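Hi,

Here is the structure I promised to pass on to you. Please open it and keep it beside this email while you read.

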Amino acid sequence: MPDVGFDKLAAEIAAIAPAHHVGRVVRIGRGTIEVTGLGRVAAQGDLVEIAANGQATRRGEVLNLARDEVTILPDGAFEGLQIGAAVTLVGTSQIAPDDSWIGRVIDPMGKPLDGWPIFRGLAARPLRGQPINPTQRRVLGPRLETGLAVFNTLLPLVRGQRIGLFAGSGVGKSTLLAKLARGVHADIVVIALIGERGREVREFIERVLGADGMRRAVVVAATSDQSPLLRRRCGWTAMAVAEHFRDQGKHVLLLADSVTRFAEAHREIALAAGEGGALRGFPPSTAHQITTLCERAGPGAGTAGDITAVFSVLVAGSDMEEPVADILRGVLDGHVVLDRKIAERGRFPAIDLLRSISRALPGAANEAENTLISAARHRLGTYDRSEMMIKAGLYAKGSDADLDAAIESWPKLDAFLAEDEWDNTAASFRRLAACLRVDGGDAVSGSEAT
Ligand SMILES: Nc1ncnc2c1ncn2[C@@H]1O[C@H](COP(=O)(O)OP(=O)(O)OP(=O)(O)O)[C@@H](O)[C@H]1O
Ligand SMILES: [Mg+2]
């Protein structure tokens with residue numbers, strides 16, 4: 001049997017190319033550089049290494065190609081770049097994930113960020129992998145235990161589902177993602193931290209996710225100060241790592257925080273490449289970039305596992321119509337909206353249930369469970385429509401039985417939405433039924449059950 005350690009060493013050596021094409025910088029412009037000598041060998045999206053005077057070599061990506069010149073977007077600052085500097089063609093963006101990456105924090109190039117050496121895997125896979133053929137893909141799988149009462153019952157998450165988490169800044173997206181990272185039943189959790197503030201990455205890993213969450217997680221991080229190329233690549237790298245484990249038959253939970261930063265990184269790159277901005281400055285190619293990323297998640301085919309994915313989206317105010325949110329809603333199987341007003345009164349996760357849906361329903365629940373779910377929505381909706389009147393003291397108890405039931409259930413349901421005990425789905429449904437019980441009567445009245 002071959003020695004696994006030797007195999008990895010051999011893979012490292014095999015990755016070293018014996019010969020390279022080298023071009024020269026001929027123009028350093030606004031945001032991009034022009035290089036001669038690579039026009040006939042470079043391909044769109046290829047990686048290059050640029051030698052800088054007295055400084056470490058930096059990477060870049062091929063943006064545009066002409067017969068004699070290629071336009072390159074460097075990864076970092078332009079300081080030290082000179083006319084005539086050597087530009088070495090590295091080739092297509094690839095990554096070779098390895099099982100030993102579990103518990104590790106890496107950058108979008110697959111380099112360790114936690115200070116320990118890392119091994120590349122035996123097989124490289126493209127960063128921009130292809131989604132699975134839709135005709136071969138399985139349908140959505142069974143309901144997952146999530147550790148959160150609301151996702152166990154009212155907003156079920158099923159294997160292979162892709163959902164969006166929409167919220168303004170500071171409303172609790174990252175904290176909720178970390179809870180899902182710890183609670184959802186999956187073999188591996190891959191977390192993409194795209195464009196986060198530097199201090200947040202460490203805080204997320206150590207305080208929010210914790211050693212318990214890290215035990216089955218791979219974190220890929222690119223902070224907000226890094227180049228748009230790295231931030232965009234962060235989404236792709238995380239997806240490639242998730243695909244690596246999915247192809248081994250594992251069930252992977254992918255959490256991306258946030259797709260808005262991924263789209264913004266793409267906007268910077270596309271504008272540098274000369275593409276015009278359209279809606280709110282986002283170039284037309286943004287929709288394609290987001291949808292191809294999301295389509296790579298989902299149920300697998302054949303013997304492969306599944307990628308269940310949660311993508312967080314930053315929405316200014318509650319503007320669900322803004323471009324990134326709008327594009328995402330069209331490709332996902334559900335969306336969860338977090339509301340600032342709910343967060344401000346201290347109820348976390350601040351899920352606005354009436355504006356959130358899981359398209360796994362009604363299939364993901366049995367008949368009795370679906371009855372409970374619609375009853376809970378009905379009570380919350382009834383209360384929501386009359387809340388102003390109730391708070392102003394204009395409603396007299398006894399005038400409307402439906403509203404009376406909603407008023408009685410509301411505090412219990414509100415507390416239920418915040419529950420994150422490590423309970424299973426059956427226990428969560430039992431507690432939901434208890435929240436709906438009014439004056440010792442049945443959980444669901446006749447009008448709600450229909
Ligand atoms: N479950 C929770 N329990 C208590 N407080 C919470 C909870 N979730 C969020 N918070 C509060 O909300 C703050 C912001 O949370 P978080 O960082 O998760 O939001 P975010 O939406 O990811 O923010 P940003 O847009 O800045 O990334 C936290 O610092 C904390 O004070
Ligand atoms: Mg956050």
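This is a predicted model: local features need pLDDT of at least 70, side-chain atom pairs count only at pLDDT 80 or more; totals for chains, interfaces and linings use all residues.

Start with the open sheet, where eight strands follow the order E8-E12-E11-E13-E14-E10-E15-E16 with mixed pairing. Strands E8 (105-106) and E16 (357-358) stand at the edges with a single partner strand each, so one side of each has no neighbour in the sheet. Further in, E10 (residues 162-167) and E15 (residues 334-337) run parallel and are joined by three bridges; Phe166, for instance, has Val337 in E15 as its bridge partner. Helix H4 (residues 198-214) packs on the sheet, touching E8, E11 and E12, and its direction makes about 175 degrees with that of E12. Helix H6 (residues 259-272) lies across E11, E13 and E14, at about 75 degrees to E14.

Next, the salt bridges: the count comes to 30. One of them joins Glu203 to Arg199 at 3.0 Å, N to O. Because these two are four residues apart in helix H4, about one helical turn separates them. Arg199 is exposed, with a relative accessible area of 53%, while Glu203 is partly exposed at 31%. Another salt bridge pairs Arg59 with Glu49 (3.3 Å, N to O). Here Arg59 sits in strand E4 and Glu49 in strand E3, ten residues apart.

Phe6 belongs to helix H1 (residues 4-14) and counts as exposed because its relative accessibility is 54%, where over 50% is the cut-off.

Enjoy exploring!

Conventions: Residues are numbered from 1 along each chain as its sequence is written. Chains are lettered from A and ligands numbered from 1 in the order in which they are written. Side-chain values use heavy atoms; hydrogens and water are left out. Buried means under 20% relative accessible area, exposed over 50%, partly exposed in between (1.4 Å probe, protein chains only). Two strands pair if DSSP finds at least two bridges between them. Contact means heavy atoms within 4.5 Å. Axes are lines fitted to C-alpha atoms, for helices over the stretch in contact, and angles run from 0 to 180 degrees between N-to-C directions. A salt bridge is a side-chain nitrogen of Lys or Arg within 4 Å of a carboxyl oxygen of Asp or Glu.
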